[in-house]
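Here are a few notes to read with the structure open beside you. Take them one at a time and find each part as you go.

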Amino acid sequence: MNLTKHLAGVMIASTCLCVPALAQTKLTLWYHGAGNEVESRTLNQIISDFNTSQSDWTVSIESFPEKSYNDSVAAAALAGNLPDILDVDGPIMPNWAWAGYLQPLPIDESEFADFLPGTKGVWNGKLYSVGLWDAAVALFARQSTLDELGLRTPTVDKPWSSEEFMAALDAAKASGKYEFALDLGMNDQAEWYSYAFSPFLQSFGGDIVDRSTYRTAEGALNGEAAQAFGKWWQSLFTGGYAPGTSEDPADQQTGFIDGKFAFQWNGNWRAVATMAAVDDVVFLPAPDFGAGNKIGAGSWQFGISAKSKHPEGAAAFIKFAAQDKYLAAFSDGIGLIPPTPSAAQMTKNYKDGGPLAMFFDLSKAQALVRPVTPGYVVQAKVFTKALADIANGADVADTLDAAVDEIDADIESNGGYGHR
């Protein structure tokens, strides 16, 4: 035996056996919920499961406080340092897509056919983002209050008319049992105003902007329907039905529970805590002010940054995270609406007969996303200020006209935001 050849063969074989497997390509994900322990725990579990489920990609997460998140993304975009996967609030997505922060998802939209409409971020006919939950707003009430005041219990199929709604507020006010008939959460002058209150305007027949072109707010925010909405809105405060903008922030958390209000306009994220404290709480659909009853839609979603060098890997993670078991886990953990009917059946609250099942029905039947335009980020702020001013006694017509002028000036200065 030739010992030299034998030893060389051993060395070659040893070398082949010691070649390491190809490393997983690293992907980065930015997330807005630093400090939200339950939400973060579920997301971190998804990341861990994804990283161990395949050998091509590994995702790492960086979390930011929600209040500073959007500014951090904008700064990173200017510096060219965006991550692969971005967490984006649904109504903000068109602005980020228009600004070049995001790219369309390389995933066929048919893969999300069963998802609630509000969980899909579509702009210019392309899918840019997908959410793992949605949120809905309802009118919180006690069944005992409805019974004592002799009020019909409205349903998704037969909501209260505007006349029935105001009659309910009048009855609650006349009973003398409550500080106010209705709580709207007026202290929260951020996204809450456009999310929670623009559906009232839309139910009157108006809107924040003309959605047929997205080139103007003229007629939508100051036309006859919007004027009627504005007068009704102001009457809630001049008539003593609801506390105004100086309301104690704690009231949105506990005011209804403590019996200060007969009714409260609030989100399903407060439903679980309310059910624990109020044994006969019922969740009622939005009133119909003439053009159908509406509620807001669209919460946080995942998209792929325009600068990602690995969109196929980012897409693989988003598809992985969108499995029913994870959608159900988020719902059970944070109380929000699972996007699919099959995921809803896996949850304790949203399955058929569950205490929050009607919120899924509300989202499916009534939800309307906020204006799908890059200009929404400005329009929302203008709308919020207008509603706060009207609540505080400003002239309705003048305030709405001024809001239209401000929105239209912004649209013009930005070249129509790509709308033709």
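1. Keep in mind that this is a predicted model. A handy place to begin is G80, which comes just after helix α3 and takes a positive phi of about 75°.

2. Now step back into α3 itself, residues 66–79. This helix has 14 residues and reaches 20 Å from its first C-alpha to its last, close to the 20 Å expected at 1.5 Å a residue.

3. Which residues of α3 are buried? Look for Y69, V73 and A76. Seen down the helix axis, the buried residues of α3 fall within an arc of 70°, so they line one face.

4. What covers the buried residues of α3? The cover includes the strands β1 (25–31), β3 (85–89) and β12 (300–305), along with helix α4 (93–98).

5. Next, hop over to an open sheet of four strands, in the order β8-β9-β7-β10, with mixed pairing. β8 (180–183) and β10 (281–284) each have a single partner strand because they stand at the edges, so one side of each lacks a neighbour in the sheet. On average, neighbouring strands here are turned by 20° against each other, direction ignored.

6. Zoom in on β7 (residues 137–142), which pairs with β10 in the antiparallel sense over four bridges. In this pair, L139 stands opposite L284 of β10.

7. Two helices to find on this sheet: α7 (residues 191–204) packs on it, touching β7 and β9 (261–267), with its direction at about 115° to that of β9. Helix α14 (residues 357–366) also packs on the sheet, touching β7 and β10, and its direction makes about 140° with that of β7.

Technical notes
Residues numbered from 1 in each chain as written. Predicted model: local features only at pLDDT ≥ 70, side-chain atom pairs only at ≥ 80, totals over all residues. Heavy atoms only, no water. Pairing = 2+ DSSP bridges. Axes fitted to C-alpha atoms, helices over the stretch in contact; angles between N-to-C directions. Contact = heavy atoms within 4.5 Å. Expected span 1.5 Å × (residues − 1). Buried < 20%, exposed > 50% of the residue type's maximum accessible area, 1.4 Å probe, protein only. Arc of directions from axis to C-beta.
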